[in-house]
Amino acid sequence: MSVDLLTSLLQTTITMAVPLLLAGLGELVVERAGVVNIGLEGMLLSGAFAAMIATFFTHIPLLGLVCGCAAGALLAGLFACVVVGLGGNQVVVGTALNLLAIGATGVAYRAIFGVTGAALTVDGFALWPVPLLSQLPVVGALFDQPLLGYAAFALVPLISFGLFRTLAGVKLRMVGENPRAAAAQGVAVRFTQTAALLACGMLAGAAGSYLAVAYAKTFVEGMSAGRGFIALAIVIFGRWSPWGVLATSLLFGMATALQFHVQALGLAIPYQFLLMLPYVLTLIVLAGYAGTTRAPAALGTPLDEA
Amino acid sequence: MQRLINRVLPSLLALIGALVVSGLAIALSGSSPLLAFEALLDGAFGSLDGLSEVAVKSCPLLLTGLAVAVSFQAGIWNIGAEGQLLMGALAIAVIGSRATWLPQPIGLPLALGASATFGALWAGIAAQLKLRRQVNEVISTIMLNFIALGLLSYLVQGPLMEAGGRYPQSDALSPEFLMPRLSPYRIHLGLLLALFLAAAMQVFLYRSVAGYEIRATGLSPEAARLAGIDVRRRLLLALLLSGALAGLAGGIEVSAITRRLYERLSPGWGFTAIAVGLLGRLSPVGVVAAAFLFGAMDAGSNAMQRVAGVSSVLVSIIQATVIFFLVAFERRTWFSKISAEPD
């Protein structure tokens, strides 16, 4: 394998991994608080849409990111109202959220840009190459990213510290393991879950922003293309740990990146098999977990039944 | 009468709420809600062709809606109707373009049976993972959706690609496997089959021991177990039935409408089905009504896009808001008291 090929493979892997990492970390936080957020895909999609629109009209990518995060948080707030506030079923509400995002972005996109919305492009985030390091062969790609890319990687130790070394993190995990016991200890269960959901929404919105503004530099209806669901898989595969999520994001990012390089690599694998790989691996890992599961104990349980 | 009103009222209110919200969305997007809804209604009910399309669009929603209803009633969150539908479509496409020696009266039912079986097998993977390895069915069915889609994509671009090799689609089904239509319209016999199955499911769920045990399992697995019900067998049965119904939806769609297999076969019926199931209060009769309603929206949405300039994906907003309202109502005590009344 030539150095050029390796370099470009690594570059694509990182580009593919960053949105998965951001969304995966968001889902990790919320699942640690006992909520399964199937609506991640919808949050990603609306984040991508809002970021693209804001960047397109203001030409300020940073503002796009802010709007993307806000859109994700808005959907997360809706989710929190129905699920945490009213105790609605997480799976059903998450599915509705995805439908809502598809509909709302589709209608809004058409209303703003009409039928011929093609060829809308934005400048994208500025790259911030690290002096010297970005010149390195092969791994240079790691040090030539937009700030959001670095932030995604920096969030891994931060979230790890927050979850396992701070009081707030302990409380959050208590809620995910046993909300009744947490409540008895004086932890504000609903507040904790709502805060976790909002954080998840912002991270998913950031993931969507990266997808639209940094990677595609445009918006296409349904452009999240299942990444929200891959992020769900990543949390499971990464065993509900931030470092596990990082490793799995890179692994799944590489599986996605490989499809662009299959021919150059001389691999005789149909690209669809590479796309299916994350899902198949997740099923296998889940089946292997039997009895030793590390999922938060109260994951997916409505509060009044916990 | 009072009971009927109590059962239908939440659905009606949810629907009205959804229309108000989507009307607002249309107004915000700069079009006239009245014009849009008028175009939608006219597209669906304004002509014989429109009516036929309503039936055509309702059929897969009805079957997948039943699939969702039976699994949700058992307390199994089968999000995988989409994948099960695709596997059913795959089965009939393989048989229908190859086993051409079978006469139609035998071939078509056999092929549809294969579709149902494939759907059930695909759901069976999730069932085995749940029963043997305690894998949550929500996650496994989502993963299986994507695996089914990938498999389909590979097959229509590879081994199953049409003989000419021009487009990523399978060969057309041979005539023995085509569902009879009422020409010149597209309305087909599959709708009758779907309606018959809805009636059968109504009887099964509310008048048979197995159906009673499935519902009891869904209400409280622990209580069902103490009452001597084999909970694991009932969960398996519900999920297999659910998969079979979804698989059949795919089989009928290919046999009656698309007549070939291709990647974008389903516009997400398996997910719309969740809205259909909930709107129908998880009862087969209710699902029939909800499926026709969403089928009509689907059929009319293209006319709405053409006439009023509102994207046809607006229908997704309506579906989503219906779900939100129903979930919200369900959690309000005065509504849950009503719906907790015995049938």
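Mentor: Start with the word contact: it means heavy atoms within 4.5 Å. By that rule, 43 residues of chain A and 40 residues of chain B take part. Before going on, know that this is a predicted model: local features need pLDDT of at least 70, side-chain atom pairs count only at pLDDT 80 or more, and totals for chains, interfaces and linings use all residues. Residues are numbered from 1 along each chain as its sequence is written, chains are lettered from A and ligands numbered from 1 in the order in which they are written, and side-chain values use heavy atoms, with hydrogens and water left out.

Now the area. The size of an interface is often given as the accessible area lost when the parts come together. Here buried area is the accessible area (1.4 Å probe) that two parts lose on being put together, summed over both. Chain A and chain B bury about 3600 Å² between them. Carbon and sulfur atoms carry 80% of that.

What about charged pairs? A salt bridge puts a side-chain nitrogen of Lys or Arg within 4 Å of a carboxyl oxygen of Asp or Glu. Between chain B and chain A the count is 0. Polar contacts do turn up: 4 residue pairs cross the interface, both residues at pLDDT 80 or more. Such a contact is a pair of N or O atoms within 3.5 Å; within protein, one must be able to donate a hydrogen and the other to accept it, and residues adjacent in sequence count only if both atoms are side-chain atoms.

Look next at the side of chain B that touches chain A. Four helices of chain B each give two or more residues to it: α5 (104-133), α6 (137-157), α11 (269-279) and α13 (314-331). Helices here are DSSP runs (H or I, at least four residues), numbered from the N terminus. The largest share, 13 residues, comes from α6(B). By class, this side of chain B has 26 nonpolar, 11 polar and 3 charged residues. Ala, Val, Leu, Ile, Met, Phe, Trp, Tyr, Cys and Pro count as nonpolar, Asp, Glu, Lys and Arg as charged, and the others, Gly among them, as polar.

Gln134(B) lies in the loop between α5 and α6 of chain B. Its phi is positive, about 55°, although Gln134(B) is not a glycine. Pro184(B) lies in the loop between α6 and α7 of chain B. The peptide bond from Ser183(B) to Pro184(B) is cis, with omega near 5°. Most residues other than glycine have a negative phi, and most peptide bonds are trans.
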